[in-house]
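Subject: Structure for your review

Dear colleague,

Please find the structure below, together with its sequence.

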2 protein chains.
Amino acid sequence: MAITLYDLCGRDERLRFSPYCWRVRMALAHKGLEYTTVPWRFRDKEALAFADYEKVPVLTDGDTVVTDSFDIMRYLDKAYPTKPILGEGVSYQRVHFFKLYVERSVTPALFRTVAMDLLEAIHPDDRAYFRETREARFGMRLEDVNNPEQGRAQLKQLLAPVRDQLRASPFLDGEVPSGADYLLFGSMMWAYTVSLEPLVDANDPVDEWFKRMLEVHDAVAGKAVTIRDL
Amino acid sequence: MAITLYDLCGRDERLRFSPYCWRVRMALAHKGLEYTTVPWRFRDKEALAFADYEKVPVLTDGDTVVTDSFDIMRYLDKAYPTKPILGEGVSYQRVHFFKLYVERSVTPALFRTVAMDLLEAIHPDDRAYFRETREARFGMRLEDVNNPEQGRAQLKQLLAPVRDQLRASPFLDGEVPSGADYLLFGSMMWAYTVSLEPLVDANDPVDEWFKRMLEVHDAVAGKAVTIRDL
């Protein structure tokens with residue numbers, strides 16, 4: 001069956017930076033599934049009306065429509081059980097915790113680091129919408145959320161357990177990457193795609209891991225267009 | 001075979017508060033294993049010389065000697081495979097990350113909350129040793145580390161992903177507690193045993209979970225002596 005992913009794009013249609021879409025792209029690559037993407041922009045709600053959803057990722061697989069990145073990962077495990085991404089039982093519970101750790105701790109620190117870069121990466125027609133929705137969420141102006149130095153310092157501290165984990169194994173999930181790796185990578189790829197500045201120190205095990213992640217699955221992420229290519 | 005756990009005790013021999021020993025006690029209870037404990041105090045290095053180790057927990061199982069709480073949990077899974085605690089493969093990797101999250105994030109915030117309570121709970125003969133080693137580790141006086149208000153605020157923020165997880169399932173590992181639950185519980189039991197003040201708000205899902213954890217496995221933790229019983 002044909003798989004289609006509705007994927008956020010920026011001021012250049014090739015610029016794809018949504019952390020939630022990147023999770024799914026890595027999961028699709030992990031499963032070895034072919035798919036096409038439909039570039040989507042923030043205000044194009046009509047394009048997703050068929051899914052009764054307002055944001056991406058949205059995945060269609062034949063007649064099946066799945067929304068929400070984590071639900072899509074779960075769907076892929078059920079529909080294509082070879083090479084589990086999230087797993088089942090205790091394994092699933094633990095990666096569900098990891099998802100919450102990424103979303104509640106790491107992603108806010110990354111947003112603080114690249115808030116203005118994101119605004120710059122977004123299509124000019126979407127910037128007012130982006131500013132309005134994000135400023136409502138944070139209760140302050142984007143310029144005040146944006147504090148790259150503080151964001152990077154927070155990130156360094158928050159990633160302490162990740163750093164220690166990567167001293168023990170090349171990927172978070174072991175010898176090969178899996179669900180936990182894709183969840184964190186999605187968020188870091190988001191910032192990496194739009195920012196000119198490095199997120200972590202060059203000698204940090206997290207940086208070494210990020211570089212490995214850019215290369216896995218035929219370098220699907222490493223080949224992606226970033227702000228530095230435009 | 002007879003199992004013995006060398007377990008830190010406080011100013012009353014019945015007061016057992018080591019977070020690392022509590023992990024192991026919960027793991028032993030999870031496996032339904034009988035064991036005896038040997039109360040141990042910080043400076044009693046000679047008692048552990050047989051293990052070539054300087055701190056507790058140390059577990060002996062017949063002729064086998066195992067040191068380090070996480071290694072003991074792993075040993076129990078290998079020696080008694082029924083009802084895994086940590087699990088294997090991806091499941092193990094993910095709980096290893098969770099251990100690092102607890103140790104690098106949660107435990108320091110708890111120490112900040114109960115540093116002076118801990119000093120009070122320890123045997124008077126051990127207090128100079130405790131102060132000296134901990135002050136060297138933190139690079140400041142215990143009185144300056146100790147900041148319960150700030151510690152509780154940090155804890156509230158750090159536990160955000162735990163809180164969300166517990167909104168989805170009664171235990172971190174699902175319908176029944178397992179490795180991740182024991183790792184976090186050990187640290188929280190440490191603070192709960194020595195402090196008169198609540199650690200988290202009464203309506204917090206983390207508090208509800210903690211109360212459930214006190215009751216599991218015949219309330220092995222709920223029946224333990226705390227500072228409030230002395």
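Basis of the values

This is a predicted model, in which local features need pLDDT of at least 70 and side-chain atom pairs count only at pLDDT 80 or more, while totals for chains, interfaces and linings use all residues. Residues are numbered from 1 along each chain as its sequence is written, chains are lettered from A and ligands numbered from 1 in the order in which they are written, and side-chain values use heavy atoms, with hydrogens and water left out.

Interface

The size of an interface is often given as the accessible area lost when the parts come together. Here chains A and B bury about 2200 Å² between them, with 56% of it on carbon and sulfur atoms; buried area is the accessible area (1.4 Å probe) lost by two parts on being put together, summed over both. On the chain A side, the residues that lose the most area to chain B are Gln93(A), Arg94(A) and Phe97(A), which together account for 33% of what that side buries. In terms of contact (heavy atoms within 4.5 Å), 27 residues of chain A meet 27 residues of chain B.

Cavities

How many cavities of 30 Å³ or more does the structure hold? There are 2. A cavity is a set of points, on a 1 Å grid over the protein atoms alone, where a 1.4 Å probe fits but cannot get out, and its lining residues have an atom within 4 Å of a point. Grid points are joined across faces, edges and corners, and the volume is the space filled by probe spheres set on the points.

The largest cavity has a volume of about 50 Å³. Its lining consists of Arg94(A), Phe98(A), Gln165(A), Leu172(A), Asp173(A), Ala180(A), Gln93(B), Arg94(B) and Phe97(B). Two elements give two or more residues to this lining: helix 3 (89-121) of chain A and helix 3 (89-121) of chain B. Helix 3 of chain B gives the most, with 3 residues. Helices (H or I, at least four residues) and strands (E, at least two) are DSSP runs, numbered from the N terminus. By class, the lining of the largest cavity has 4 nonpolar, 2 polar and 3 charged residues, where Ala, Val, Leu, Ile, Met, Phe, Trp, Tyr, Cys and Pro count as nonpolar, Asp, Glu, Lys and Arg as charged, and the others, Gly among them, as polar.

The second largest cavity has a volume of about 30 Å³. Arg94(A), Phe97(A), Arg94(B), Phe98(B), Gln165(B), Leu172(B), Asp173(B) and Ala180(B) line it. Helix 3 of chain A and helix 3 of chain B are again the elements that give two or more residues to the lining.

Nonpolar core

The largest nonpolar core has 151 residues, and those touching the most other members are Tyr101(A), Leu184(A), Trp209(A), Tyr101(B), Leu184(B) and Trp209(B). Such a core is a set of buried Ala, Val, Leu, Ile, Met, Phe, Trp, Tyr and Cys residues joined through side-chain atoms within 4.5 Å. Buried means under 20% relative accessible area, exposed over 50%, and partly exposed in between (1.4 Å probe, protein chains only). Leaving aside residues up to four places away in sequence, Trp209(A) touches Leu166(A), Pro170(A), Phe171(A), Leu172(A), Asp181(A), Leu184(A), Phe185(A) and Met188(A).

Helix 7 of chain B

In helix 7 (residues 160-168) of chain B, 7 of the 9 residues are buried. These buried residues pack against helix 3 of chain A, and against helix 3, helix 6 (148-158), helix 8 (179-194) and helix 9 (205-219) of chain B. Arg163(B), which lies in this helix, counts as buried because its relative accessible area is 10%. Beyond residues up to four places away in sequence, Arg163(B) touches Lys156(B), Asp204(B), Pro205(B) and Val206(B).

Backbone features

Most residues other than glycine have a negative phi, and most peptide bonds are trans. In chain A, a cis peptide bond with omega of about 5° joins Val56(A) and Pro57(A), and Pro57(A) lies in the loop between strand 2 (36-40) and strand 3 (58-61). In chain B, a cis peptide bond joins Val56(B) and Pro57(B), also with omega of about 5°. Asp52(A), which is not a glycine, has a positive phi of about 55°, and Asp52(A) is exposed at 71% relative accessible area. For Asp52(B), phi is near 55° and the relative accessible area is 70%, so this residue is exposed.

With kind regards

Definitions and conventions:
1 Å grid on protein atoms, 1.4 Å probe; cavity = no way out; pocket = protein on both sides within 12 Å on 5 of 7 lines; lining within 4 Å.
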